[in-house]
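Here are my notes for anyone opening this one for the first time. Have the structure on screen as you read, and take the points in order.

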Amino acid sequence: MTEKTLEEAFAELESKLEALSAGHLSLADALRMYEDGIALIHNCEEKLAEAELRVTRLSAVSTSAGSA
Amino acid sequence: MAIETQASSLDPRDALTVSELLAALRFTVSRHPAFSNILVRGEVADLSRPPSGVMYFNLADASSQISCVLFRSAVPSVRFELRDGIEVLAEGDVDVFPAKGQVQFIVRSLSPIGRGAYWLSFEQVRDRLAAEGLFDASRKRPLPRFPQVIGLVASEAGAAMHDVLAVLGRRYPLAEVLVSPCLVQGAEAPASIEVALDRIAGVVDVAVVARGGGSLDDLWCFNDERVARAIARFPAPVVSAIGHETDVTIADFVADVRAPTPSAAAELVSPAREDLRRFLGMAEKRLTSGVRDQINAMQRQLESLSIPFRPESVVRLVRAQRQRLKSLEWSVEREARQFLAALQGCLRAAAARLDAVSPMATIARGFAIVSRRDGSLVDRIGTIAPGETISILVSDGTIEGTVRTTERRTP
């Protein structure tokens, strides 16, 4: 669950919103959508709050070796 | 001197053959330092390129011209497309071509000169790549919405790299940035940029090629055909940000998106954290209103039921329930569990109240809430089978039971 990427979480959230606004769900399903959706939102918010940019630097490469 | 004296004697036996004359000329010219390893500037005229691969042309100025040959071995050193009218600098040796008695300039290397030299090579590379379709709009790829790995091709020492990392850190710290350093000016730069791009091909979701402002000379490597081709073959979208907004390089033409500055490029490849938060807030509201709409629909259904003793209390109850949900809608921080509990409380109260109204005693049983083990509601015969365990929620508690039989009501 925590391994879900932000992109996946957003996509899932969007599909839940769509399903809910279409209005064909039973009350039980609608409530489950709501519950899952809120959990997703909290999950995303946590990710956004904690995130820190990771930077990986490749070493410089000499191009004069004539590998062309 | 000796030749002159002999010629004036008019004795044919003393005459030179033409071949001897040309050989002597050739010998003299080829040995003379003034004609070897020299630079000549002039305008190209009468260019011809026979299938042998040799290039012939004349170098001319206003009043003179000399025929020139560029042998096949020297052709690859010409980095631009030779054509008539171009002013060039030719390096080579003067020679005499005995078969035609002609003075020739054997060109070893050739480069465009004059004010337009840069732009000439720029236009030629641009036109060639355009003809191949490398700038076509149909080739432009959309940028990923949530890139996980962002490639950054820039000078390790430059401000461009600093700017891009600063913007990404502020806007979208969820990504990993893979920095692939390269030279961004000088003769080695094109090959260096090409290698830096190729190294991260297939590993990143999007790449930014960035360089801070500089002179035309400084930025020139981004007009190199090798750089353009490395961008074109890159498997992920490439955003170019070379120099200032007014600087346009061939790298910009071939990139999927051109950004006016390195900071702008960083913004293009990253969603803003604030926008994401706004989306989440909006999603929360929509979820809540979605559930509320569901409750409203149920209320309408209830209201439309034509029960002989339709009690106002039932309608009031549902209204209260709706009010409660409305207030929940705005308290976005509340947990879903609380919401569920509140709703269940409402339903429980509704069942209790229904029970309490004596003429409704029989109906009250119909409003008990029957659910399966997993909590899903049993609202139709078809949703439950004999033998399944059910839970019946009544006004003051829960009844567990097992379904014996089901029977569909005849209309």
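1. Start with B:Asn37, which is exposed, with a relative accessible area of 54%; on this scale, exposed means over 50% relative accessible area, buried under 20%, and partly exposed in between (1.4 Å probe, protein chains only). B:Asn37 sits in the loop between helix 2 (18-31) and strand 1 (38-48) of chain B. Its phi is near 55°, a positive value in a residue other than glycine. The helices (H or I, at least four residues) and strands (E, at least two) named here are DSSP runs, numbered from the N terminus.

2. A word on what you are looking at: this is a predicted model, where local features need pLDDT of at least 70 and side-chain atom pairs count only at pLDDT 80 or more, while totals for chains, interfaces and linings use all residues. Residues are numbered from 1 along each chain as its sequence is written, chains are lettered from A and ligands numbered from 1 in the order in which they are written, and side-chain values use heavy atoms, leaving out hydrogens and water.

3. Now move along to B:Asp46, in strand 1 of chain B. Phi is positive here too, near 50°, and again the residue is not a glycine. B:Asp46 is exposed, at 52% relative accessible area.

4. What does strand 1 of chain B pair with? One partner is strand 4 (residues 87-97) of chain B, running antiparallel and joined by six bridges; strands count as paired if DSSP finds at least two bridges between them. B:Arg41, for instance, has B:Leu89 in strand 4 of chain B as its bridge partner. Strands 1 and 2 of chain B form a hairpin with six residues between them, and B:Gly53 in the turn has a positive phi of about 100°. As background, side chains in a regular strand alternate between the two faces of the sheet.

5. Chain A is quick to describe. It has two helices and one strand, in the order α-α-β along the sequence. Of its 68 residues, 37% are buried.

6. How do the two chains meet? In contact terms (heavy atoms within 4.5 Å), 47 residues of chain B touch 42 residues of chain A. Together they bury about 4400 Å², 68% of it on carbon and sulfur atoms; that is the accessible area (1.4 Å probe) the two parts lose on being put together, summed over both. On the chain B side, B:Leu280, B:Leu287 and B:Gln294 lose the most area to chain A, together 16% of what that side buries.

7. There are nine residue pairs in polar contact between chain B and chain A, both residues at pLDDT 80 or more. A polar contact is a pair of N or O atoms within 3.5 Å; within protein, one must be able to donate a hydrogen and the other to accept it, and residues adjacent in sequence count only if both atoms are side-chain atoms. Helix 10 of chain B gives the largest share of the side that touches chain A, 15 residues.

8. The chains also share strand pairing: strand 1 (residues 54-57) of chain A and strand 7 of chain B run parallel, joined by four bridges. A:Arg54 stands opposite B:Glu176 in that strand 7 of chain B. The side chains of B:Glu176 and A:Arg54 also meet in a salt bridge, at 3.8 Å from N to O. A salt bridge here is a side-chain nitrogen of Lys or Arg within 4 Å of a carboxyl oxygen of Asp or Glu.

9. Over all chains, the search finds 21 salt bridges. One of them joins B:Arg13 and B:Asp11, with the closest N and O atoms 3.0 Å apart; B:Arg13 is exposed at 73%, whereas B:Asp11 is partly exposed at 23%.

10. Finally, look at B:Arg233 and B:Glu194, whose side chains meet in a salt bridge (3.2 Å, N to O). This pair links distant parts of the chain, 39 residues apart: B:Arg233 is in helix 7 (residues 225-233) of chain B and B:Glu194 in helix 5 of chain B. B:Arg233 is partly exposed, with a relative accessible area of 44%. Elsewhere, salt bridges that share partners join B:Arg128, B:Glu132, B:Glu225 and B:Arg229 into one network.
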